[in-house]
Amino acid sequence: MKHDRGNSLVQTPWSLSAVRKEGERRFSELEWPGPSDEMWRRTDVSGIDFESFRPDSSAVQTDLPERGKFELESFYTGSGEKNLSGDAVSTLISHAAESRDRVEAFHYSRINNGFTLRIPSGVHIEEPMVLHFTGGDPGTHEALFGHILAEENSSARVYIILEDADGSETLRTAGFHFEVGRGSSVKAAAIQDLSLKSKHFGFHSAAIDKDGQFTFSEIDLGAALSVSAPVFSTLGEGAQVDITGLYAAAGAQHKNLRPVQRHAEPYGSSNSLYKGALLPGGRTIFQGLIRVEPGAIRTDAYLSNKNLLLEDGARADSIPSLQILNNDVRCTHGSTTGKLNPEQVFYLQSRGFSSDEAKRMLLWSFYDDALGKLPELVAESVRERLLRHPIFSAGDG
Amino acid sequence: MADTPNVGIEDYRFGFNFPDSSVYTTGKGLSEEVVRQISRQKEEPEWMLNYRLRALEAFRRKAMPNWGADLKAINFDEIVYYARPTDKQSRSWEELPESIRETYDRIGIPEAERKFLAGVGAQYDSEVVYHNLKKELEAKGVIFSDPESAVREHPEIVRKYFGTVVPYGDNKFAALNSAVWSGGSFIYVPKGVTVDIPLQAYFRINLENFGQFERTLIIADEGSFVHYIEGCTAPVYTTDSLHSAVVEIIALPGARVRYSTIQNWSTDVYNLVTKRAVAHENATVEWVDGNIGSKRTMKYPSVYLMGEGAHGEVLSIAFAGNGQEQDTGGKMVHMASNTTSTITSKSISKASGIASYRGLLKVAPGLNNVKSRVVCDALLLNDESATNTYPYMEIESDDVSIEHEARVSRIGEDQLFYLQSRGFDEDEASGLIVNGFLDPLVKQLPMEYAVELNRLIELEMEGSVG
């Protein structure tokens, strides 16, 4: 890490080992998930020997504007035992203690890379901060955490990219935890673009306080197996969450995306749109959930999932669920699954485009509204990455 | 529905029962001997006994569902699995024992009879005691009987279809039913025959701690049509009873079967039912499923669309009152090209009631032109009411058009205000809004049932807003 440490933000002299210890404790309480666990029924992880991946990590590459206005601290295998801030420690330990399954507990028990970012109260950072994790050597496991704290009335944009070397097989577990303070606004993106052999497990979370705004883009393109279970909680009145998910699956790719929009306080709103296209062999499972707690009146929540099956031989499961525990709410969800409209393909062909070109154009138009919701910088990067993805580059597209 | 005086809202409308006059019961608990006794009582052929015994094995092997409603309070050892109320099958109303007749009078069966509804196969405890099949149906070759008679008289049809739609090992409760089934209906409609009046049967539990395990098998031969109506009411008991039915429908090419249920078990009954239909080429199966009573219901009527041109429909209405959990929905499994299906679910949760929609939409690989639409609307009446939606969609073909929508809302203040400004009080106004909410489904029911459902909802709605 090359950037300077700002003023010391360390309040409690705790290191990551406290988090790992809590993860180990939770790990010992749980069994590896099997087909009888509802959330894992469609994703078989019994063949994965998690512990065979050697822990390894490398320093983060950053592109940071307006240095000095925020505090960023990074922790990786080579950075030695450093202390975390009290806020980060309590967040990470509570997530470790509440791990929903053994895979998540395993993640916390092996945390070996990550960062803490604090945007002080009243500070607004216009330019995006980009953090780029390139991972360790083939055959290794990087367990990555992020703690992003936006204090009252602040704003920031944070984009996190996960990659590894083409053709290498790694295990990557990651949990980015956003805390959005009163009246703050955070725009964030997590881009998963690992090698098509790697395995990815995500446990992101966001807690949005009163009148806070959180915009999150979850881009899931790479990895042979990717499971992502983010939880977005509105914890104060008037908190707003806007989520865009964009994914693609081809070849033997398997994706299990299960975002939770959780409303714990009144007058919150959340909106999510997940869009994915599939080629033969691809398998996606979308299990989004809107949960409204008893006291969270006047909640307005929307959840939408759209799948495009480009050819026969792919499978898209869609399970957009609702759990509504009070009556003063407006919650809706929708889901559609279909193929490219043959009339549209024909029309484009009649205008001189080849069948491939026509299909590609229609595929772009499918992703268009999701791409349109992404911040410009992210959208640009995602377009380039999509072009490299088999969904655009393989076969007759 | 006759007027029943002196019944409070929280009281069950049909909360009365008569002394148990069953002639024979197997006693509490389940064992191989109990299954053999049931089979012996029914003078069954060997193959049915063997089927029951295999099912018992499956029941012991199968785990309780680890999802859905809370079933922890079911104690399988406390349940009576078989009781026989009268010794011979009655053919006319007058021949029925007095106490049974009086119970039926209160539900209104003679009224239904007067209304020229078709054969009434009324079930008192687990035996069909009253069975009156209209002559013209017999003349058309329609068989409408209890399944025990069918096993004896039409083994060639029963053996061919029994357990083919819901195999005994399908789930724990289907296995239980397959082992101890008793009563129900058997319907065979010959080729090209249209049964223009709905066939119906009333079911009634009338023995404390007694589980009712009826078994219904409907076969609609090529190009035929039948509408079957199942309705149930049960007396209130202090301990929980279990109702675990299996319904199998086979709609052969070009046939259409409609199955309507209004389930109104008293609020201490566990209602765990497996209902499944197979629709062959160009066949249509429609489930109209209303769930108002019971403590816990888990029921997902399903249609397996096996032939091209098949169409499936589920219309589901659930009302979850205080302490009730309605875990209902529908399943559509598309196994052939050019098939269509719709599931429409409307649920209402009142007080601490929980209404859950749980459904499956599955499209097998390599199919063309499959269309399906699933719509779920939930209405929450009180701030402690809850609703869940779990629509499973598993799509393995690309040439499909799948749509799903769900909405959760409460009674709109502007709607209430408008009706109140027109002189309705709050209860009446919310009752009207709820009836309007259910209207698209209620319209699908035969008139007597629509009237009955509207009355039941009105009754449930009294005092619900405040």
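Let me start with one pair: the side chains of A:Asp220 and A:Lys255 meet in a salt bridge, at 3.0 Å from N to O. By salt bridge I mean a side-chain nitrogen of Lys or Arg within 4 Å of a carboxyl oxygen of Asp or Glu. This pair links distant parts of the chain, since A:Asp220 sits in strand E14 and A:Lys255 in strand E18 (residues 254–257), 35 residues apart. Strands here are DSSP runs of E with at least two residues, numbered from the N terminus. Over all chains, the whole structure has 54 salt bridges.

A word on the source. This is a predicted model, where local features need pLDDT of at least 70 and side-chain atom pairs count only at pLDDT 80 or more, while totals for chains, interfaces and linings use all residues. Residues are numbered from 1 along each chain as its sequence is written, chains are lettered from A in the order in which they are written, and side-chain values use heavy atoms, with hydrogens and water left out.

Next, the cavities. Strands E11 (185–192) and E14 (213–220) of chain A each supply at least two lining residues.

Now the two chains. How many residues does each chain bring to the contact? Chain A brings 36 and chain B 35, contact being heavy atoms within 4.5 Å. Together they bury about 2800 Å², 45% of it on carbon and sulfur atoms; that is the accessible area (1.4 Å probe) lost on being put together, summed over both. A:Asp312, A:Arg315 and A:Asn327 supply 21% of the area that chain A buries against chain B, more than any other three residues.

Six salt bridges are counted between chain A and chain B. One of them joins A:Asp328 to B:Arg410, with the closest N and O atoms 3.2 Å apart.

Notes:
Helix = DSSP H or I, 4+ residues; strand = E, 2+ residues; numbered from the N terminus. Buried area = accessible area lost by both parts, 1.4 Å probe.
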